[in-house]
Each structure stands twice: as C-alpha cells, then as structure tokens.
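This briefing is meant to be read with the sequence and the three-dimensional view side by side. Please look at both before going on to the points that follow.

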Amino acid sequence: MNPSSFYSGTYAEARAKFLETCAAQGLRVEHHIHPKRGREGEELATDVARFGPENASHVLFTQSATHGVEGFCGSGAQVGALQSGLYDDLPDSMAVVLVHAINPYGFSWLRRVTHENVDLNRNHLEHGQPYPVNEGYEQLKDAICPVSWTPEARASARATLEAYAEAYGPMALQGALSGGQYSHPEGLFFGGHQTTWSAKTMAAVAGKHAASARHVGWIDYHTGLGPYGYGELISDHLLGDPGHARLVDWLGESDVTNTDDGSSTSAPLTGVNSLCVAGAAPHATVTMVTPEFGTSPVDEVLDSLRADCWLHNHGDLDSYQGRAIKAEIRRCFYPDADDWKAMVFERTSDTERKMIAGLATLD
Ligand SMILES: [Zn+2]
C-alpha cells in the first residue's frame, strides 16, 4: 500500500477520505458541526470514529489538526491506520477513538489557529483568572506581527528578533514567539480569553469516550518543528510524572523528549491539550504524547505564521501576495512529498502500535 494515498490535498478531501474509510469498515461516526464554513464553502466538522467496544477499559485517542494546517499529517495517519488494518487485533478491553480535525476551520483555511484566532494548544486554562505573562512577546510584539509586510518592514522586524536571539538565545526567542500569550487577541500564539469551539468539542469528546476507561492514551499529531520527516515524540507530562515514565517505557528513552529539561525542539507552553484530557478523564490514568514531524527550518516556519497573521489582519486573501502566503504556510506545515509521507506514516504506525501495546500492560 502506498502511504501517499492516505494523505489529502485539502480539508474537504481529507474529511471525505476519512468518512469513506470509516463507512467501508462499518464504523459509526459522530459529527460535531462547526459554526463556520470552509475555504471552499464546505461544511466543517470534527468527525469522531470509535473502533472497539463501548465499555472498553483502555482507550487510545488519536487526534489531528489541533493546529489546523497541521491536520494533513494527522489525517493521513488516521486514514492510513484504518486502511492498513492497524486496529484489527486490538485487545478485547481496548478501543481506539479517532478524533479527525479537532480544528477543522484552521485545517480548511490553512491557518494554525481556530476561527477565534486562538491557538487551541494554549487555550486550556481557567479563563477569568490572571493569565500567564509572556514578557518576551510583550517586548517583541511589534516585530512579531508588524502592521506592514513589505521587504523593508520585514527586514527591520527580523533585525529586532535576531538581536533578541543574540542577547537571550534562540530558545528564548522561540519561547517569546510560540510559548503562548494572552494579551494580544490579534497576535500570534494567542491562547484566548474564553474556551474555543474546538476546546469545548475536545473536552466533550474526551469526556464521553473516556467515560468507561481506567486507562487513556492520547496521541496528538503535529508538524512544523525538527528535521524534515523526523517524528519527535514529545512527552505531555512533567519529567517526574508517572505518565512520562510510561512513555519512556513504551516508546523508548532515546525517542521521548520533554520541554521540561530542554530535550525537545518545542519551547515550554501554557494551556496545553493535555490539561483538557486530564480534566475530562480524572478517573483514568492518562499517557499522552505529541508526535512533532519536522518540515522546514524553524525560521521559515515561524515566518510563515507571522505572514499569515499579517494577511488575516491587514492583507487580502485573494491577492497574489495572499495566495503566496497561503502556499508558503501550507508548505511549512505539510511538505506534500512522497518521501515525507512515507517517513511520517512509518513513525505514526509504529507509535500507535507501541502505545496500544503499552496501554495493554496496565491493569
Ligand atoms: Zn502544532
């Protein structure tokens, strides 16, 4: 089977492929319909399929498109897992829940954020309480999201960002940019001032499908950091947590990274998806991993996000520049090449198999 056939060119194609695959296997699918329409006028939804018994004590979730445009990767993993029979020999007590396109709006519109301009993976915290402050972002906000995107404005902004990296180190710059911020609703990596549609949907899906579970595994597929085609397995637990120890045990010590000790290509983050899962399944153990597949150098990836932020705030999506920016953000999160897809699929299949085998060892 050619792994490239599992992947799609648009959200609409990905959704159709997922639903057709589920139908061919007789899986029941829940449709959580999104209030907005997609880029082609299509309906947007988070589609959820469950493989295995309703009362399973062990439930593995796989999730795509937390960061919209990154959904090409996770959708391919989900379609490929079903089509290649990855779940055909599940233990009796186990179910797999496939959460397809948790942020369908961002997937369709080639954005990392939700329709509220919120980064879903920074949105899970108690709103109404004081928010974490990202001082680096405050300092750099005009350079991160300049009002003008001319070559001159970009060069000047770039010089400001490079001076910051020079002074505090590249990871400090990455943290300022991507760690999450709660002060600038028009800006990048905004965590939101209320619970987004996608966060509510994720909590509802997790609560419902983990209701009977004693043990929950969760795989949240991402792209954009690390070497081309490589899948870094980022632990969603603090270093001392039993969840982290389980991941190391199941996936291998040399493969599991943690933002806690600087071994990850990701900066430490706030309001992340694992908080949603833990809140929705307090009765279960949770073991969660975020596979992060490399695409392009991090500077290019971050620049594509800055350009997209400018485009949606100040530009014209239908202009030549608008189309070029959209093509670039898509390329930066989805290389759309056969070698990349083959590498990714090998890693997603292997990770899912190991998570299933690991979960099965728990009583
Ligand atoms: Zn991501």
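At what angle do H10 and helix H11 (residues 320–333) pack, and how many Å apart are their axes? In this model, which is predicted, the two helices pack at an angle of about 145 degrees, and their axes are 9 Å apart.

**The chain as a whole**

- The protein chain folds into 12 helices and nine strands, and its C-alpha trace spans about 60 × 45 × 40 Å along its principal axes.
- A compact globule of 363 residues would have a radius of gyration near 21 Å, and the 19 Å found for the protein chain agrees with that expectation.
- Of the 363 residues in the protein chain, 52% are buried.
- When contacts between residues at least 6 apart in sequence are taken together, 79% of them join residues that are at least 24 apart.

**The nonpolar core**

- The largest nonpolar core has 93 residues, and the residues with the most contacts inside it are Val-59, Val-216, Val-277 and Ala-281. Helix H10 (residues 298–314) supplies the largest share of this core, namely seven residues.
- Apart from its neighbours within four places in sequence, Val-216 is in contact with several residues, including Val-59, Phe-61, Val-277 and Ala-281.

**Helix H10 and its partner H11**

- The 17 residues of H10 should span 24 Å at 1.5 Å a residue, and this agrees with its end C-alpha atoms, which are 24 Å apart.
- H10 passes H11 in a left-handed crossing. On the H10 side the contact is made by Glu-300, Val-301, Ser-304, Leu-305, Ala-307, Asp-308 and Leu-311, while on the H11 side it is made by Gly-322, Ile-325, Glu-328, Ile-329 and Cys-332.
- The buried residues of H10 include Val-301, Ser-304, Leu-305, Ala-307, Asp-308 and Leu-311, and what covers the buried residues of this helix includes helix H4 (135–144), H6, strand E6 (222–228) and H11.

**Helix H2, an enclosed helix**

- Helix H2 (residues 71–83) has 13 residues, which at 1.5 Å a residue should span 18 Å, and the distance of 18 Å between its end C-alpha atoms agrees.
- Because 12 of its 13 residues are buried, H2 is largely enclosed by the rest of the structure. Among these buried residues are Gly-71, Phe-72, Cys-73, Gln-78 and Leu-82.
- After H2 comes Gly-85, whose phi is positive, near 75 degrees.
- Val-69 has its place in the loop between strand E3 (58–63) and H2, and it counts as buried because it has 28 C-beta neighbours inside 10 Å, where 20 or more are required.
- Leaving out residues up to four places away in sequence, Val-69 touches residues including Leu-110, Arg-111, Ile-329 and Phe-333. By contrast, the C-alpha atoms of Val-69 and Pro-132, which are 63 residues apart along the chain, are separated by 26 Å.

**Other loop residues**

- Ala-101 is found in the loop between strand E4 (94–100) and helix H3 (104–108), and its phi, near 65 degrees, is a positive value in a residue other than glycine. With 30 other C-beta atoms within 10 Å, Ala-101 is buried.
- Leu-110 lies in the loop between H3 and H4, where its phi is near 55 degrees, again a positive value in a residue other than glycine. Leu-110 counts as buried, with 24 C-beta neighbours inside 10 Å.
- Gly-191 is placed in the loop between helix H6 (170–178) and helix H7 (197–209), and it is buried, with 27 other C-beta atoms within 10 Å.
- The C-alpha atoms of Gly-191 and Gln-181 are separated by 5.9 Å, although the two residues are 10 residues apart along the chain. Gln-181 is also one of the contacts of Gly-191, and others listed with it include Val-118, Arg-122 and Thr-270.

**An exposed position**

- Is Asp-339 buried or exposed? Asp-339, which lies in helix H12 (residues 338–360), is exposed, because it has 11 other C-beta atoms within 10 Å and the limit for an exposed residue is 12 or fewer.
- Asp-339 and Arg-122 are 217 residues apart in sequence, and their C-alpha atoms are 31 Å apart in space.

Terms used:
Residues numbered from 1 in each chain as written. Predicted model: local features only at pLDDT ≥ 70, side-chain atom pairs only at ≥ 80, totals over all residues. Helix = DSSP H or I, 4+ residues; strand = E, 2+ residues; numbered from the N terminus. Rg over C-alpha atoms; globule rule 2.2 N^0.38 Å. Contact = placed C-beta atoms within 7 Å. Core = buried A, V, L, I, M, F, W, Y, C linked by C-beta atoms within 7 Å. Expected span 1.5 Å × (residues − 1). Axes fitted to C-alpha atoms, helices over the stretch in contact; angles between N-to-C directions. Left-handed = near helix turned anticlockwise from the far one by under 90°.
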